[in-house]
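Student: I would like to learn how to read contacts between side chains in a protein structure. Could we go through some together, with the general idea and then the case at hand?

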Amino acid sequence: MIKPNRLAVLIAGAFPCLLSAAEVTLDSVVVSGSRVEHSSFDLPAAVDVVDAERIGAGQARVNVSEALAAVPGITVQNRQNYAQDLQISSRGFGARSAFGVRGIRLVADGIPASMPDGQGQAATFNLDRAERIEVMRGPMSSIYGNHAGGVIQLFTPDGKGAPSVETSLAAGSDGAWKADVSAQGEAGGVGYVLDTSRFSTDGYRQHSAATRDQSMAKLTFRPSEDGKLTLLANTFSQDAQDPLGQTWEAYRADPRSVAANALLYNTRKRIEHTQGGIAYEHRFGEQTIHLSAYAGERSVIQYQSIPRMVQLDNPGHSGGIIDFDRSFAGVSGRWSGRFGLGGGQLTTTVGFDYEQSTDDRRGYENFIGTTLGVKGTLRRNEENRVASFDQYAQAEWQGERWTFTGGLRHSRVAFRVDDAYLANGDDSGRVDYSKTTPTLAALYRLTPTVNLYASASRGFEAPTFNEMFYSSGGGSFNFGLKPSTSTHFEAGLKAYVGDDSRLDVALFEIRTEDELVVKESDNGRTAYQNAGRTLRQGIEIAVDSRWAANFTSRLAYTYLDAHYEQGFSYTTSSGATKVVEAGKSLPGVAAHALFGELAWKHPASGFHAAVEGIARSKVEVEDSNADRAAPAYAIANLRFGVDRQYGSLKLRGFLRFDNLFDRQYVGSVVVGDGNKRYYEAAPGATWLAGVSARYSF
């Protein structure tokens with residue numbers, strides 16, 4: 001065992017400038033992990049904060065992929081297909097999700113954007129008013145329950161100070177434009193933030209146009225000196241065409257091409273989403289109570305490309321149109337207290353989360369007679385309900401040099417199906433999953449500028465409804481799936497290098513049991529199975545620096561080795577059996593990912609510019625690794641902007657060029673697609689320009 005003083009000598013020899021006195025200028029306050037305000041430098045976890053400046057750095061603020069490109073360990077791919085949402089993975093978790101986000105907990109202003117079964121949509125994040133986004137990976141995220149990949153939390157500011165109004169307009173390639181209007185401030189002791197926007201695009205690929213409307217309102221006031229009440233309301237509406245994935249041959253021939261069935265059946269998706277919430281926080285000296293509740297509704301209708309003859313020949317098929325109305329709600333509460341103990345400070349948190357969601361789900365034929373792409377006969381009719389009830393406790397003791405953190409969470413997820421299938425009878429049923437997940441972590445302050453930490457936890461992921469809809473052999477609900485379980489280990493270093501740089505390094509290893517993978521895929525039906533063991537291990541490195549002459553830089557690198565430790569087999573759409581051998585790479589995961597940025601700002605004029613570089617290694621598209629992997633790529637982006645203040649009026653403008661050298665590459669993949677339409681092309685060279693004006697009264 002290496003003693004602390006000997007370890008200090010080794011690190012000082014490797015990084016001699018780490019031991020100099022550093023001014024804390026690159027630290028952020030976070031609540032992820034500890035659930036109370038905490039310095040990210042002193043938290044024994046891999047956590048990154050994306051502030052408002054980076055979220056709005058020459059961006060349209062439409063997709064969270066714009067903001068999270070610089071975060072190591074996280075991969076957020078824009079599918080160029082608004083009907084399918086973004087593809088988000090964290091240390092390989094969530095990479096195979098065909099719809100929305102799974103395996104990663106999404107939260108916006110304390111309201112979950114993930115449902116109790118673990119499925120979520122990042123599209124509901126309002127990036128126009130975002131103050132910061134916190135991204136946490138690794139063992140500490142298990143304290144948030146049913147997911148294993150991590151937690152992404154968005155926070156909007158409270159309305160404060162003099163009232164102000166702001167409007168912005170951006171436009172760019174492929175007919176894309178966005179308009180936004182907002183107001184914020186404080187009046188009569190009530191803080192308010194109001195925002196509404198519209199985004200529209202013709203799409204890079206054929207048949208990929210989309211229109212999105214989004215609004216939010218946030219009110220805050222203090223009924224007492226120690227109390228704070230927050231009211232939230234959000235709406236989201238979207239119409240989007242679905243170009244589907246491409247085969248390798250189609251992608252190479254024309255990256256903008258669309259699958260033939262997408263045009264025949266006019267594949268498309270419409271979403272209507274409304275939610276509201278209330279939160280109350282009260283401080284009693286060193287103790288705090290936080291209570292919150294939320295409720296919402298979501299309606300989705302999606303026209304798929306299931307061939308007409310497949311449905312006619314299959315009486316038990318649920319149809320080519322998904323149509324559901326969802327109501328969801330939840331309540332949570334927690335108590336936190338700080339106490340002196342053993343010469344240090346003990347912070348304790350105890351809480352609970354209850355969430356429920358009910359889907360009135362229907363399936364229709366996507367044809368009437370020989371007319372395709374219209375709502376036909378009802379084929380599936382059911383009510384799907386899922387509820388989760390979690391209790392957790394965590395404690396942190398912080399001394400002069402050591403910090404110890406421990407947590408325990410008990411989760412129970414219950415699924416229930418009341419089925420009224422019109423063709424193959426009743427398939428009602430229920431299944432419950434429960435798991436207790438512990439977390440342990442320790443941090444050691446080697447010097448005032450160097451922290452070392454280690455952490456470990458157990459995690460789990462329950463199957464989502466999407467993975468339970470079908471069983472193999474053409475059957476319906478699969479209640480036999482088990483949750484996958486995982487064991488996480490992480491060790492890291494956080495250090496200030498001189499006065500103007502910060503270095504974060506995290507090494508991790510994750511072993512899973514009962515990984516959820518495809519068992520059978522055929523004509524819109526995908527059945528899943530539990531497939532033994534996987535191993536994920538790697539390293540994440542991030543370096544932020546401030547240089548002379550107003551230059552800044554960021555470098556983020558991820559190495560991830562994710563593979564199966566136990567083989568299995570699955571059935572393709574042609575009926576063939578494919579064997580996945582132990583050692584094969586998990587699909588949808590890049591082994592190497594690199595982001596680099598060099599930015600410059602001229603304080604006197606307000607002019608700023610930056611160059612970005614993004615590189616990814618190849619990505620496998622299905623479990624056996626036999627089909628063509630999406631090739632590695634590297635692209636460069638460039639942006640310019642100017643910020644000027646004229647009394648009460650602030651003007652901003654920007655011009656952005658993405659993929660400067662017009663590289664053709666696969667931006668994302670559809671893992672395990674039964675028709676081998678794995679590939680989704682990214683745009684070539686594109687541009688975006690925007691202006692905004694803010695007036696303070």
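**Charged pairs and aromatic rings**

Tutor: Let us begin with the charged side chains, where a search of the whole structure finds 56 salt bridges. Please keep in mind as we go that this is a predicted model.

Student: Which residue forms a salt bridge with Asp 325, and how far apart are the closest N and O atoms?

Tutor: A salt bridge is read from the distance between a side-chain nitrogen of Lys or Arg and a carboxyl oxygen of Asp or Glu, which has to be within 4 Å. The partner of Asp 325 is Arg 362, and their closest N and O atoms are 3.0 Å apart. This pair links distant parts of the chain, since Asp 325 belongs to strand S19 and Arg 362 to strand S20, 37 residues apart.

Student: Is Asp 325 buried or partly exposed, and is Arg 362 buried or exposed?

Tutor: Here the general idea is a cut-off, because buried means under 20% relative accessible area and exposed means over 50%, with partly exposed in between. Asp 325 has a relative accessible area of 35%, so this residue is partly exposed, whereas Arg 362, with 14%, is buried.

Student: Where in the chain do Asp 128 and Lys 178 lie?

Tutor: Their side chains meet in a salt bridge of 2.8 Å, N to O. Asp 128 is in the loop between strand S9 and strand S10, while Lys 178 is in strand S13, and the two are 50 residues apart. Asp 128 counts as buried at 7% relative accessibility, and Lys 178 is buried with a relative accessible area of 7%.

Student: Turning to the rings, how many aromatic pairs are there?

Tutor: Two rings pair if their centres lie within 6.5 Å, and planes over 60 degrees apart count as edge-to-face. By this rule the count comes to 23 aromatic pairs. In one of them, the rings of Trp 248 and Tyr 679 have centres 5.2 Å apart and planes at 65°, so the pair is edge-to-face. Trp 248 lies in helix H4 and Tyr 679 in strand S40, so that this pair links parts of the chain 431 residues apart, and both residues are buried.

Student: Why is the pair of Phe 415 and Tyr 433 edge-to-face?

Tutor: Their ring centres are 5.8 Å apart and their planes stand at 75°, so the pair is edge-to-face. Phe 415 and Tyr 433 also form one aromatic cluster together with Phe 465, Phe 469, Phe 477 and Phe 479.

Terms used: Residues are numbered from 1 along each chain as its sequence is written. This is a predicted model: local features need pLDDT of at least 70, side-chain atom pairs count only at pLDDT 80 or more; totals for chains, interfaces and linings use all residues. Side-chain values use heavy atoms; hydrogens and water are left out. Rings of Phe, Tyr and Trp (its six-membered ring) pair if their centres lie within 6.5 Å; planes under 30 degrees apart count as stacked, over 60 as edge-to-face and the rest as tilted. Helices (H or I, at least four residues) and strands (E, at least two) are DSSP runs, numbered from the N terminus. Buried means under 20% relative accessible area, exposed over 50%, partly exposed in between (1.4 Å probe, protein chains only).
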